[in-house]
Amino acid sequence: MGIHENPDKGRGHQDMQAALTKETRPLPQAIERLTDLAHNLWFSWNPDALKLFARIDASLWEQSGHNPVRLLHDLDDSQVETLGNDESFLTAYGKVISQFDSYMSESTWFQKKHADRSYVQIAYFSAEFGFHESLPIYSGGLGILAGDHCKSASDLGIPLVGVGLLYKKGYFTQKIDASGGQQAELFQYDFAKLPIQPVWKDNHPLIVSIDMPGRTISLQVWSVQVGRTTVYLLDADHAANNETDRELTAQLYGGNHDTRIAQEIVLGIGGVKALRAIGYYPNVYHINEGHAAFLTLERLKELLHLGLPFHAAIETIRSATVFTTHTPVPAGHDTFSIRTLEHYLGPLLQDLSRYKQQIVELGLDHHTGQFNMTHLAMHTAGLRNGVSKLHGQVSREMFREFHGNIDASEVPIDSITNGVHLDTWIAPEWKALLDRFLPGSWREEQANKHQWQAVDVIPDESIWKVHMQLKEKMIVFARRNLLEQRRRNGEPEARLEEIRHYLDPKALTIGFARRFATYKRANLIFNDVYRLKKLINDTERPVQFIFAGKAHPADQPGQELIREIYRVSQKKEFLGKIVILENYDMNMARYLVQGVDVWLNNPRRPLEASGTSGQKAALNGILNFSVLDGWWEEAYNGSNGWAIGSAAAADWNAQEKENTEAIYRILEQEIIPLYYNQGSLPHQWINRMKRSMESLSPVYNTHRMVQDYTELTYLPTADRARRFAQNGYDVATKVADYKRFISSNWYHVKITGIDDRSAKTSTQLPAVQDQQTTKEITADILFGPIWPLDTIVETVYYLENSGSWQQVIVPMDPTGELIDQTQKYTATIPSHLVHGPHFSVRVRPISSNFAHTFELPLVTSTLTWQ
């Protein structure tokens, strides 16, 4: 039996939940299921569940960081007894439990649409998961996206489990000192007070082990329940490990290069071992960024131990692997020296010593001599994708050399644009309003554009009322944050008192909150302080800015950005009108993306792979004001927000100048006049809010995104993996043998002649002309030992279309007989094209078992220009 098949169909990961324990206090029978609710992060996107926990003890709820497990743990006995006898509470409790049970048992999108795909099993590996502030094992966008992915997988009923690491100290808590310096504080979390559970097997906590140089590391497996989706987390803080190894899963993105490679071995290799111990045998492995790519080496070891040849094992792995890259620049990919790799992977490489060089080659970057985790993922994944259309283009250019002499548009890296989990990020006030006007199924069918057209009929008064309620809540939250900051820094009473007057709810409020990396240019707005001063201090039409975000503790330039913004915020002319909040997390993010008026985003293009904070804002009627990068490049339509600059300026200095000018010009001439053009209501502004919600909400949500992943990657991959593993990996072996034969003999393939009877002498590329005039061309192809039907012969040319060149590919048909291993091919193309300067002929291998056109990147071509 292949390892892509579950050896015990009756014992899947859902049945394993019976083996999980919950370490919380016993509760009276009347409210005993609060424990179930607290241990399922479904509560985090259900407003009634959140209200229920807040109702238990509002002060404790806030102190706990909205963590219901800690809340229940910290209650005294009298409070518990009171809850069990409170009829009003019991009614609310019963309502929430009923909602929870209905959610967990109802039929889902996947069950309805793909009822015949019960064999699909997906494992989603990610270095971080951002589900909720109560489980702080995330740092930023990558983790939040992974969390939202799992939530939508749950809502849609996708058969997916997650695999990650359990960081006992999380990322870090940010505090800003009196000089604007970022202070990073670490806290060790008590796992008994987190919404996680140890996985048990044979009446013992489940422990898996991985081999490291000179020792074995024990990893405890924990589980977090995200609705219907289970995520398994690995924890190295185990008594059997030495003190250094116990710190391997202490902090997200902490430590040095040695820590990083060890963490990635724990995630990839340990993750696969954990799934095996649980009894889960996926037929789809989704590598979410290169951190998890070592999972392919553990699977390689399994297959080689089964007796598969190396090349057949690699094909088996590729057949079952999906890779998503999130990084638009080569410097952003994890790399390790070969010496470091050989040291930390020593036990595996020794076990597979016969294949050591081949394994190293899977991740070797021949330009740098480093082992590149993205290269490893690219070489071992059948399907790859970027996270926006623009990022897909950037990635195809970046990895073009993987695929020989082909046009970048044909490089087999697709794109699935990121989204956000609607129920997590849209304010309850908006949900209630939309429930009144949108069709009853709008949440379940949130990716249906027709549902959102009803936004247009919502009265402007209702929209503005909700928006202003949320804005005022956000300002109260911001003032509390600033007050705590100043109190802790020992500032005088007068400095505390003045915060009461900070941030005017009536003023146009612009938010900027994200990771403080230099390419995101948090300080771009300060390039023209004179114009900024005029905008902010205009008594008739004032503008105010709210900043928030963390810089990595090792990123000194990022921390300097925080200092700069803080210093500006303390100047008399900006006091209370520019503020920077501390400790940006999911809780703060909800207030900001629900409460500002405009969401500012000005990264250097094209360094933002996607970005999702603006998508969260759009769900709440907040208007985006962004550089045309990432998701906004494809989302902006001229009426649903504003674009900063153009897509043309590639030079950093030119881009900086153009973007600065555009920000001020658009603020002065468009945004500010539109916002303040209000009699009793700003109808034009509200109209743009409606256009934004109608056009963006149905597209940039994770329901649409996960449905895309399911239908474009998961289902094709599961089918391919099944087929490759059947009959003792027969198809995998045949594909591997086929690739070996073709690769060894491809040098025989030659284009020996082109007959272009209408050849002209022009060397200029043609513009679009009348396509009714055509001609026939022929090409003679020498194949040697390669069977012609294992190839396709194509004519390739370019036509100008709207100022850009569009590639056109025309298959050529064989004519006549194969003589002396040579076959003639013919095609019909526009008559004005000339071979050489205008069109070329190419030959490439094909197979019905290929996942994409250039899976085997071999091309013989007459191309003479690029």
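Predicted model: local features only at pLDDT ≥ 70, side-chain atom pairs only at ≥ 80, totals over all residues.
**Overall form**

The chain holds 30 helices and 31 strands. Its radius of gyration is 29 Å, close to the 29 Å that the globule rule gives for 866 residues, so the chain is as compact as a globular protein of that length. Taken along the principal axes, the C-alpha atoms fill a box of roughly 95 × 70 × 50 Å. Among the contacts with a separation of 6 or more, 74% are between residues 24 or more positions apart.

In soluble globular proteins, nonpolar side chains tend to be buried together. The largest nonpolar core in this model has 151 residues, and Leu 34, Phe 125 and Phe 294 are the ones with the most contacts inside it. Helix H30 (residues 702-745) contributes the largest share of this core, 14 residues. Apart from it lies another core, of 92 residues, which includes Val 420, Leu 422, Ile 499 and Leu 561. When neighbours within four places in sequence are left aside, the contacts of Phe 125 include Val 163, Leu 267, Val 272, Leu 275, Tyr 285, Ile 287 and Leu 295.

**Sheets and strands**

Four strands form an open sheet in the order E27-E26-E30-E31, with antiparallel pairing. Strand E27 (804-811) and strand E31 (860-861) stand at its edges with a single partner strand each, so one side of each is left without a neighbour in the sheet. Eight bridges join strand E26 (residues 791-801) to E27 in the antiparallel sense, and Glu 800 stands opposite Trp 805 in E27.

Elsewhere, strand E19 (residues 543-548) and E20 run parallel and are joined by four bridges, with Ala 548 opposite Leu 581 in E20. In a regular strand the side chains alternate between the two faces of the sheet.

**Enclosed helices**

In helix H12 (residues 310-319), 10 of the 10 residues are buried, so the helix is largely enclosed by the rest of the structure. The buried set in H12 includes His 311, Glu 315, Thr 316, Arg 318 and Ser 319. These buried residues of H12 pack against helix H11 (295-305), strand E12 (321-324), helix H15 (356-363), helix H16 (373-380) and H30.

Helix H25 (residues 586-595) is also largely enclosed by the rest of the structure, because nine of its 10 residues are buried. Asn 587, Arg 590 and Gln 594 are among the buried residues of H25. The N-terminal end of H25 is capped by Asp 585, which has a side-chain oxygen 3.2 Å from the backbone nitrogen of Asn 587.

**Individual residues**

| Residue | Relative accessible area | Class |
|---|---|---|
| His 66 | 10% | buried |
| Arg 691 | 19% | buried |
| Ala 92 | 21% | partly exposed |
| Asn 727 | 69% | exposed |

Arg 691 lies in helix H29 (residues 683-696), and, leaving aside its neighbours within four places in sequence, Arg 691 is in contact with Asp 456, Ser 639 and Asn 640. Because buried means under 20% relative accessible area, Arg 691 at 19% counts as buried, whereas Ala 92 at 21% is partly exposed. Ala 92 is found in helix H6 (residues 87-105), where its contacts beyond four places in sequence are with Leu 52 and Arg 55. From Ala 92 to Phe 323 the separation is 231 residues in sequence and 43 Å in space, C-alpha to C-alpha.

Some backbone angles also deserve a note. His 66, in the loop between helix H3 (58-63) and helix H4 (68-74), has a phi near 60°, a positive value in a residue other than glycine. Asn 727, within helix H30, likewise has a positive phi, of about 50°, although it is not a glycine. The peptide bond from Arg 605 to Pro 606 is cis, with omega near 5°, and Pro 606 is found in the loop between strand E21 (598-601) and helix H26 (613-619).

Conventions: Residues numbered from 1 in each chain as written. Heavy atoms only, no water. Buried < 20%, exposed > 50% of the residue type's maximum accessible area, 1.4 Å probe, protein only. Helix = DSSP H or I, 4+ residues; strand = E, 2+ residues; numbered from the N terminus. Polar contact = N/O pair within 3.5 Å; in protein donor to acceptor, adjacent residues only side chain to side chain. Core = buried A, V, L, I, M, F, W, Y, C linked by side-chain atoms within 4.5 Å. Contact = heavy atoms within 4.5 Å. Rg over C-alpha atoms; globule rule 2.2 N^0.38 Å. Pairing = 2+ DSSP bridges.
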